[in-house]
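Here is a short report on one structure. It covers a sheet, a pocket and a group of aromatic rings.

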Amino acid sequence: QTEVRQTLLKGVTVVKGRAEEKVLHSGKTKATEFTAIPYYAQNNRGSGTMAVWVPDGKIPEFFPQSTIFLNELSVGLSVSFQDRELFYTLDGSEPTKSSYHYESPILLTDTTTIKARSFGSNGDISPVASGTFRSVTPRVPENPDSTAPGLQGKYYEGKWNKGVPATEDMTPLIEEIVPAINLDITQSQHDFMVVFSGFLAVPEEGIYTFYLKTEGHSHLKIGDEVVILNAGSSGMKEMSGKIALAPGKHAFEAAYCQKGGGKYLDIFYEGVSFEKRAIPASALFSV
């Protein structure tokens, strides 16, 4: 089974299924469930062990791979191999040659699950590709009455084993207003946590993509919604997430928990009228 997973980069096709796993040295096999991602996305796979695969050119792919939209979305299908026909359904059923024949992009105005497969001239049938595309409403901003430039930055030291810890009962070593999201507030190379909170101003309604690049546990939240969650697998990793926002100042939080290894934090975003870039100081506020 294939699905578009939006939490990886801007969305990648993930394959899930069951297979026979061969146990080293014993030669025995056992049934196992697997989740596989394209080779190019291996550094963004999230926590846990995942297989890496090279996409089958017979399996349909969706474009664009964004899975949320505001008013309408035009979804195209493509397949790498030539001389194959594409058929799809919009009701969750498995596509057959009696289903819709793909000839041009599919216009969606409501939340829809598209299932598609390709058929070869020799009777060969591809696995089913499935993607759910959600119609969403832009988040309403808090728009506090009075704000000042910069975010509230808090710096903690300690060892935490599971994710970014809750900070309600913790006292930061440093607490100050910072003009930008970076690690200038930190004093140690290892075993620390930084939390940046305040408000992010966005200029217009639309779907915004955020990118969080860290080496360690981290998250990015808009209001109560976790847009990006890095569970802290080893190595440098950039993850992304999308959210629909109305113009105004939205509650914002970014947290990074360093537990050994490298020390790195970068945050970027991409909007309706601008490409991927660092969040400027002019868009960050506190109360």
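## A three-stranded sheet

In what order do the three strands of the open sheet lie? The order is S5-S7-S10, and the pairing is antiparallel. The model is predicted. Strand S5 (61–63) and strand S10 (106–108) each have a single partner strand, so they stand at the edges and one side of each lacks a neighbour in the sheet. On average, neighbouring strands are turned by 30° against each other, direction ignored.

S5 and strand S7 (residues 73–78) run antiparallel and are joined by three bridges. Phe 62 has Leu 77 in S7 as its bridge partner.

## The second largest pocket

The second largest pocket holds about 180 Å³ of space. Its lining includes Gln 152, Lys 154, His 219 and Glu 253. Strand S14 (151–157), strand S16 (192–202) and strand S21 (248–258) each give two or more residues to this lining. By type, the lining residues are five nonpolar, four polar and three charged.

## Aromatic pairs

The structure has nine aromatic pairs. One of them is Tyr 208 with Phe 274, a tilted pair at 6.3 Å centre to centre and 50° between the planes. Tyr 208 sits in strand S17 (residues 206–214) and Phe 274 in the loop between strand S22 (265–270) and strand S23 (277–278), so the pair ties together parts 66 residues apart in sequence. Tyr 208 is buried at 0% relative accessibility. Phe 274 is also buried, at 11%.

Phe 210 and Tyr 269 form a tilted pair, because their ring centres are 5.9 Å apart and their planes stand at 35°. Phe 210 is in strand S17 and Tyr 269 in strand S22, so this pair links parts 59 residues apart in sequence. Both residues, Phe 210 and Tyr 269, are buried. Tyr 208, Phe 210, Tyr 269 and Phe 274 make up one aromatic cluster.

Terms used. Residues numbered from 1 in each chain as written. Predicted model: local features only at pLDDT ≥ 70, side-chain atom pairs only at ≥ 80, totals over all residues. Heavy atoms only, no water. Pairing = 2+ DSSP bridges. Helix = DSSP H or I, 4+ residues; strand = E, 2+ residues; numbered from the N terminus. Axes fitted to C-alpha atoms, helices over the stretch in contact; angles between N-to-C directions. 1 Å grid on protein atoms, 1.4 Å probe; cavity = no way out; pocket = protein on both sides within 12 Å on 5 of 7 lines; lining within 4 Å. Points joined across faces, edges and corners; volume = space filled by probe spheres on them. Nonpolar A, V, L, I, M, F, W, Y, C, P; charged D, E, K, R; others polar. Phe/Tyr/Trp six-rings, centres within 6.5 Å; stacked < 30°, edge-to-face > 60°. Buried < 20%, exposed > 50% of the residue type's maximum accessible area, 1.4 Å probe, protein only.
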